[in-house]
Amino acid sequence: MKQKITLSLEKGIEGLEAKNLLKSPIPKKVPLSLSVASQFGDLTTNIALQLKSEKRPMTLANILAESLKEVELIEKVEVREPGFINIFLKKEFLYQVLSWVLEKGEKFGSSQAGKGKKILVEFVSANPTGPLTIAHGRQAALGEAIAKILSANGYQVTKEYYLNDVGSQIDLLGESLLARYREILGLPFSIPADGYFGDYLKTIARELKDKYKDKLLAKEKDFFSHLAANKILSEIKKDLSDFKVHFDSWFSEEKLRQSSEVKKALSQLEEKGYLYRRDGAAWFKSTSFGDEKDRVLQKRNGAYTYLAPDIGYHQNKYERGYHSLINLFGPDHDGYIPRLKGALIALGHPSHSLSIIIVQLTTLYQGKKKLSMSTRKGEFITLRELIKEVGADVARYFFLSRKSQSHLDFDLELAKKNSSENPAYYIQYAHSRICSIMKFAREKGISCEGRIKLSCLSSLKEKEELNILRFLFRFPYLIETSGKTLQVQPILSFLQELAGDFHSYYNKFRIVTKTGDLTRARLWLTKGVGIILRNGLSLLGISAPEKM
RNA sequence: GCGCUUGUGGCUCAAUGGAUAGAGCGCUGGCCUCCGGAGCCAGUUGUUGGGGGUUCGAGUCCCUCCAAGCGCGCCA
């Protein structure tokens, strides 16, 4: 539909050009967007305001509007000051949309726009040195939703977790566990100053004592590192699975380092002249790419810095056939972006092929009280505790209710409330209400299965009904936009609005009436809303319960 | 000091550069003999942190100041 209108607008513009009314070249794209309010029609274009001409925008708009009148399914075209062209679609078109929704069901809103292009989404990637925190939870919720949205747009998406299972943090973890082990055996112990003090290591130490007594004291430090990391990793996997987040791939830094990939990437950088040696260390010339200073890749003692294997890792992503990479990082990594991106550009990858989404921190509140967190000190609310307190759906709702680059204040007290004060249930309630209506109708012997009769839908005349139909029309465009902007939050707002309009509609009109055709039409409408709510919630990873 | 992010009713948040800045919570008053009251309806609450600029049009873009969070290692 949009295409048809765009086409005839383009024709109209060519017409203007032919009459020499334009001062600027014809724009490549004609902007056509969904109207912000129903009084402005269904679709809107501001093209007349964009064109440079001797004539007033209003004059141009009126000429262009004429060219649209021919298009089928357009009810009317209005031109409003200062030069908007508002397009009203025929009711028949909206009925058609509803029948598409019912026909396509859970596929409605999906498209093949991505043409199966391979995309890799990397997120969470928390070091296996402690339990997942709520900050990771926010990333998990967001990453999962982005992956689902991209899939719905026809991309072939892989979700990957980069596992920093080697390096100084892991060494510290091992030392910390050894210390706890000695502690529990009644031996003198000391935890490294920048080690891990959380109680979870005590728990592991206790298990070791119960199983092996003091026999492990002879083991190397590495033994404890591996043991602790593996143990914690399996907890992390369990937490994610409880949060309904599933990774397709776990990429081990240790295996990466064992391979020659890191070395290879560094020598490629050297070939291209972006690597030099100074003070016995190997430096990457990241200042060539806007970084504030050059960065060390290989230390004087021969060990890699964090950046080196990370370059190798990203190079490896490209080599695996992904030409579009999306990374979710915490805000503590934002200064890190120029050097990573710089390295990838140096290796010949286009700068737009890597999108980095910074997911800001979450501050947890207990009512008015702020709860502080630090993994190393062992003071934090874990993701597990959060899910236990409020449930996965509510946690997701709050995580996704703000755009990713904003700080999130998470009020535990509000989230725990099982009542109308908790906004998380609003959409779900609409969905279960719909299921309940459908059940009621079935029990009355009214069936709305089978083919939809478009003639029957013409009973939908109320402005509330037409308004809801417009929502259904907007849904596929919403998914499309979301796939481009990688913004998840607008989907939540949309569902919230749709649920709200449906609640109002329900209170004002009866769905199941005495008139057969009207009842069937309204049930179809109700069913359609249910499908959209379900599809939308599913993209967000929130369940759509039939009963609550 | 430098960089990134944020600043919108009492609170938590919306608003592809677009038309009258919207929701929820809170507060006040109403709504089930009938499809789920975790809902609905009405009312209340705004100099979009301050100041300049670009634009037909700015909460949105640019400059500047203020405030908050985070980051500025041969840590990861």
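Biologist: What percentage of the residues in chain A is buried?

Modeller: This is a predicted model. In chain A, 50% of the 548 residues are buried. The chain holds 20 helices and 15 strands, and its C-alpha atoms fill a box of roughly 85 × 65 × 40 Å along the principal axes. The accessible surface is about 26,700 Å², with 49% of that belonging to carbon and sulfur atoms.

Biologist: How many positive and negative charges does chain A carry, and how far apart are their mean positions?

Modeller: There are 84 positive and 63 negative charges, and their mean positions lie 3 Å apart.

Biologist: What share of the contacts with a separation of 6 or more joins residues 24 or more positions apart?

Modeller: Such residues account for 73% of those contacts in chain A.

Biologist: Why is Gly280 called exposed?

Modeller: The relative accessible area of Gly280 is 56%.

Biologist: What makes the phi of Lys115 worth a remark?

Modeller: Most residues other than glycine have a negative phi. Lys115 is not a glycine, yet its phi is positive, at about 50 degrees. Lys115 sits in the loop between helix H4 (91-104) and strand S5 (118-122). With 75% relative accessibility against a cut-off of over 50%, Lys115 counts as exposed.

Biologist: Is Ser125 buried or exposed, and how do you know?

Modeller: Ser125 has a relative accessible area of 14%. Buried means under 20%, so Ser125 is buried. Ser125 also has a positive phi, of about 40 degrees, although it is not a glycine. Its place is in the loop between S5 and helix H5 (134-152).

Biologist: Why is strand S11 described as largely enclosed by the rest of the structure?

Modeller: Strand S11 covers residues 324-329, and six of its six residues are buried, so the strand is largely enclosed. In a regular strand the side chains alternate between the two faces of the sheet. From S11, Ser324, Ile326 and Leu328 point one way, whereas Leu325, Asn327 and Phe329 point the other way, and all are buried.

Biologist: How do you know that S11 is paired with S5 and with S12?

Modeller: Two strands pair if there are at least two bridges between them. S5 and S11 are joined by four bridges and run parallel; Glu122 stands opposite Asn327 in S11. S11 and strand S12 (residues 354-358) share five bridges, again in the parallel sense, with Ile358 in S12 as the bridge partner of Phe329. Both counts meet the requirement of at least two.

Biologist: What makes strand S4 largely enclosed?

Modeller: Five of the six residues of S4 (residues 84-89) are buried, so S4 is largely enclosed by the rest of the structure.

Biologist: Which strands pair with S4, and in what sense?

Modeller: Strand S2 (residues 43-45) pairs with S4 in the antiparallel sense over three bridges, and Ile85 in S4 is the bridge partner of Thr45. Strand S3 (residues 74-80) and S4 run antiparallel and are joined by six bridges, with Ile74 opposite Leu89 in S4. S3 and S4 form a hairpin with three residues between them.

Biologist: Why are S14 and S15 called edge strands?

Modeller: The open sheet in question has three strands in the order S14-S13-S15, with mixed pairing. Strand S14 (369-371) and strand S15 (408-411) each pair on one side only, and are therefore its edge strands. Neighbouring strands of this sheet are turned by 35 degrees against each other on average, direction ignored.

Note on methods
Residues numbered from 1 in each chain as written. Chains lettered and ligands numbered in written order. Predicted model: local features only at pLDDT ≥ 70, side-chain atom pairs only at ≥ 80, totals over all residues. Heavy atoms only, no water. Buried < 20%, exposed > 50% of the residue type's maximum accessible area, 1.4 Å probe, protein only. Contact = heavy atoms within 4.5 Å. Areas by Shrake-Rupley, 256 points an atom, 1.4 Å probe, with all protein chains shown as cover. Lys, Arg positive; Asp, Glu negative; His and termini not counted. Charge placed at Lys NZ, Arg CZ, Asp CG, Glu CD. Axes fitted to C-alpha atoms, helices over the stretch in contact; angles between N-to-C directions.
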